[in-house]
Amino acid sequence: MDTVCSRTTQTSEEARGKMTCCSLAGEGNAKQGRELRSQVKTCIFLQQPVVNSPGDAILRDADATIAPKATELPTCLLCVCLSGSVYCEEVSPEMSAVPVLPKETGYLYARFNKIRKIRNKDFGDMVTLRRIDLAGNLIAEIDVGAFANLHNLEELILAENRLTKLPMLPAKLVLFNANFNKLKSSGVKATAFKKLTKLAYLYLGDNELTSVPHLPESLHVVHLQNNKIEAITDETFCKGNTSYYVRTKMEEVRLDGNPVVLANYPYSFICLQSLPVGWYN
């Protein structure tokens, strides 16, 4: 990976020792991305003002240490952009909204920031996006159509936020993770996942759900632990009291940490190849 940074030649009238970071080239993983981002921040924030006279120093002293806000910086200086991946993890200055993404972005990692809301215009209809990871933010609200037009999105991670309800989800999702939120059954439609025919991994643990939504046949893993689910039915996972139906794709179910007493529903798991994992009373 090559990083080229050069200081532009300026006179005192051309202002305050600006530094131009010229190019970011090559491929790398998340760790390299974080290291590169650190280098870029150094270029931006550790620059010193060019002083050509005592008068210039007095005029510039007041704002020499003021860092620009996150919204004032180009995305690929604020974050790291590498071969279609954008890394915006633990950004400083504080990131409170989704940044404007390059049109070729396929993977966004914006974990552990201060993002509070996802708006319809944040992602628009970016057909290149395949993975969005917004874990560890402060997201309490998502516009209903914020992800609706992301037709190639396969993985959406919203864990460790403050959500009480879910927006519309794109049809090609394979993995959806909303663990450790405040989701309520009133905010998650019973049919929220019904049309997601490719969904294989569903994580809704550590929320406030009181019922289980419809689970598509494509699921391999479903985690619903540590919610407030009090009851299930013979059709929650299976198709009633019949031994002819076998749910062959389902590999793992978690319901531990809920008030439901599984012994009261002996036919609820008859179609599964294994019983729910975890500790139960």
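Contact here means heavy atoms within 4.5 Å. On that basis, tyrosine 109 touches Val86, Tyr87, Cys88, Glu89, Arg131 and Asp133, where residues up to four places away in sequence are not counted. The model is a predicted one, in which local features need pLDDT of at least 70 and side-chain atom pairs count only at pLDDT 80 or more, while totals for chains, interfaces and linings use all residues. Residues are numbered from 1 along each chain as its sequence is written, and side-chain values use heavy atoms, with hydrogens and water left out.

Tyrosine 109 belongs to strand S5, which covers residues 107-109; strands are DSSP runs of E with at least two residues, helices are runs of H or I with at least four, and both are numbered from the N terminus. Tyrosine 109 counts as buried because its relative accessibility is 16%, given that buried means under 20% relative accessible area, exposed over 50% and partly exposed in between, for a 1.4 Å probe and protein chains only. The C-alpha atom of tyrosine 109 is separated by 8.7 Å from that of alanine 135, although the two residues are 26 residues apart along the chain.

**Salt bridges**

Side chains of opposite charge can pair when their charged atoms come close. A salt bridge is defined as a side-chain nitrogen of Lys or Arg within 4 Å of a carboxyl oxygen of Asp or Glu, and the structure holds nine of them. The table gives examples.

| Pair | N to O distance |
|---|---|
| Glutamate 89 and arginine 111 | 2.3 Å |
| Arginine 111 and aspartate 133 | 3.3 Å |
| Lysine 117 and aspartate 143 | 3.9 Å |

Salt bridges that share partners join Glu89, Arg111 and Asp133 into one network. Glutamate 89 lies in the loop between S4 and S5, and arginine 111 in the loop between S5 and strand S6 (117-118), 22 residues apart. Aspartate 133, in strand S7 (residues 131-133), is likewise 22 residues apart from arginine 111.

**Backbone features**

Most residues other than glycine have a negative phi, and most peptide bonds are trans. The peptide bond from serine 92 to proline 93, however, is cis, with omega near 5°, and proline 93 sits in the loop between strand S4 (85-87) and S5. Glutamate 160 has a positive phi near 60°; this residue is in the loop between strand S9 (155-157) and strand S10 (175-177) and is partly exposed, with a relative accessible area of 45%. Phenylalanine 180 also has a positive phi, near 55°, and is found in the loop between S10 and strand S11 (201-203), where its relative accessible area of 48% makes it partly exposed.

**An enclosed space**

A cavity is a set of points, on a 1 Å grid over the protein atoms alone, where a 1.4 Å probe fits but cannot get out, and its lining residues have an atom within 4 Å of a point. The structure holds one cavity of 30 Å³ or more, and about 30 Å³ of space lies in the largest cavity, a volume being the space filled by probe spheres set on grid points that are joined across faces, edges and corners. The residues lining the largest cavity include Met250, Glu251, Leu272 and Pro276.

Methods
1 Å grid on protein atoms, 1.4 Å probe; cavity = no way out; pocket = protein on both sides within 12 Å on 5 of 7 lines; lining within 4 Å.
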